[in-house]
Amino acid sequence: MRYFITMLLLVFFMGKATAQDTYLLGTLPSLSLNKGINSNWSLNLKAESRLRFMQGEFGGNSTSDLHLQLADFALTASRKTGLNNALAGGYLIRLRREQTFYCFIQQFTIVKRYESFRMAHRFSSDQTFNNDNPWELRLRYRITAEIPLNGQSVDPGEFYLKLNNEYLNGWQEGDSDLEIRLVPLAGFVFNDSNKLEFGLDYRMFSFIDGNSCNGFWFNIGWFLKV
Amino acid sequence: MKRLIIASMLLFCIFQIDANAQKKFEQESRLKPADVPKVARQFIDAVEMDSNWKWYFEENLQGNSVEAKTKHQGKRYSVEFDTSGKIQDVEVEKIWKEMDEQLRGSILFALDSLFNSHKLDKIQIHYVAETNVLLEILNKKADQTDSKIQYEIMVKGKKNGRPKLYELTFTESGELLESLEIIFRNTDNLEY
């Protein structure tokens, strides 16, 4: 039901796209390496980049260019705090144009297992710092459903569907902005320590006060447990 | 004194089983009805339930099997066959309050002995009997006393540290037979 409402909202917002609303097209490749320290603690190293192919206005001009917008490197330590939940803290370095940003991350995740799918809730916050810009605070909530395409659980050698819906609100020097992400992905499990996911990563922001900016990214993520 | 000896023996059995607690591995995939052994399909066709059955092929450490699952009047039913279609057992979801009081007492005694704290997650009753008896149990025409019964209970249990999920098997009288720790699949792709 939640996804249905979100889809309706997105169709509504996209339907309102005017010539002033802008879009970006590109790809978001990422690599996530996870290392278990013991039964409670684990470390995650994630590298992600954002490569833009095209940008323009809906119904207006567009330009094609190949531009590396940013590259992120994050190291996160996570501790299981219960049967289904984990608390994590991390540090991210973002390289964007000629600038470097530093970010502290805190997150709490709950993964619930149902008869034939898994559902995850992620609550997180981050604080980004940079020498030339005021610091930014973001609060995020993401809901994820992982649905097997064969059987009642996702087993090695099988495909699955993953649906992400995330809400991010950022505050910077008195200004705030809401971003909504909708990410339908297909995944394949080589084995429990090796998964590949790919699909659309749709992001919409700046739609409250002004013309919306819409990002359509081809998301490809590789999850390895070492 | 006699009670003390019985309780001590029960505790000894519980801790022996707990010390040998194994980890559970299971992998299942969906089966098309056409790929199901004919005998198994015929059995399910004879079940008088107005519900849709789904078929699965299951691999575990004990071997492979074929399972039919459905949900009827709020309860989950599962019928397990071997790969030739010979019926193995029937599992029916059970509610804690529906169980005999003495049996609940024995199970709680075992749980209190194993864990510092625990919470019941799911209860299933296992019926093992001749094919016709199992069919009559499913069709509610036979009494469960006509079959061998076991209880499979999923428990969120805490010993030391954080809680874990266990699958415990009890006899008809509430004696603990087996304890398996459930290993969850990797959640990295849901957390990051």
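## Chain B

Of the contacts in chain B (heavy atoms within 4.5 Å) between residues at least 6 apart in sequence, 52% join residues at least 24 apart. The model is predicted: local features need pLDDT of at least 70, side-chain atom pairs count only at pLDDT 80 or more, and totals for chains, interfaces and linings use all residues. Residues are numbered from 1 along each chain as its sequence is written, chains are lettered from A and ligands numbered from 1 in the order in which they are written, and side-chain values use heavy atoms, with hydrogens and water left out.

Chain B has five helices and ten strands; these are DSSP runs numbered from the N terminus, with helices being H or I of at least four residues and strands E of at least two. Of its 192 residues, 45% are buried, meaning under 20% relative accessible area, where exposed is over 50% and partly exposed lies in between (1.4 Å probe, protein chains only). Accessible areas come from the Shrake-Rupley method with a 1.4 Å probe, and for residues only the protein chains shown count as cover.

## Interface of chains A and B

The size of an interface is often given as the accessible area lost when the parts come together. Here the buried area, summed over both parts (1.4 Å probe), is about 2900 Å², and carbon and sulfur atoms give 47% of it. Leu83(A), Arg118(A) and Gln152(A) supply 22% of what chain A buries against chain B, more than any other three residues. In contacts, 38 residues of chain A meet 23 residues of chain B.

Three salt bridges are counted between the chains, each a side-chain nitrogen of Lys or Arg within 4 Å of a carboxyl oxygen of Asp or Glu. Glu146(A) and Arg185(B) meet in a salt bridge at 3.7 Å, N to O.

## Nonpolar patch on chain A

A nonpolar surface patch with about 730 Å² of accessible area together includes Phe73(A), Tyr91(A) and Trp135(A). Patch residues have over 30% relative accessible area and no salt bridge; nonpolar side chains (Val, Leu, Ile, Met, Phe, Trp, Tyr) are joined within 5 Å, like charges within 9 Å.

Strands β4 (85–96) and β5 (99–113) of chain A each supply at least two patch residues, and β4(A) gives the largest share, three residues. Tyr91(A) lies in strand β4 and counts as partly exposed because its relative accessibility is 34%.

Technical notes: Buried area = accessible area lost by both parts, 1.4 Å probe.
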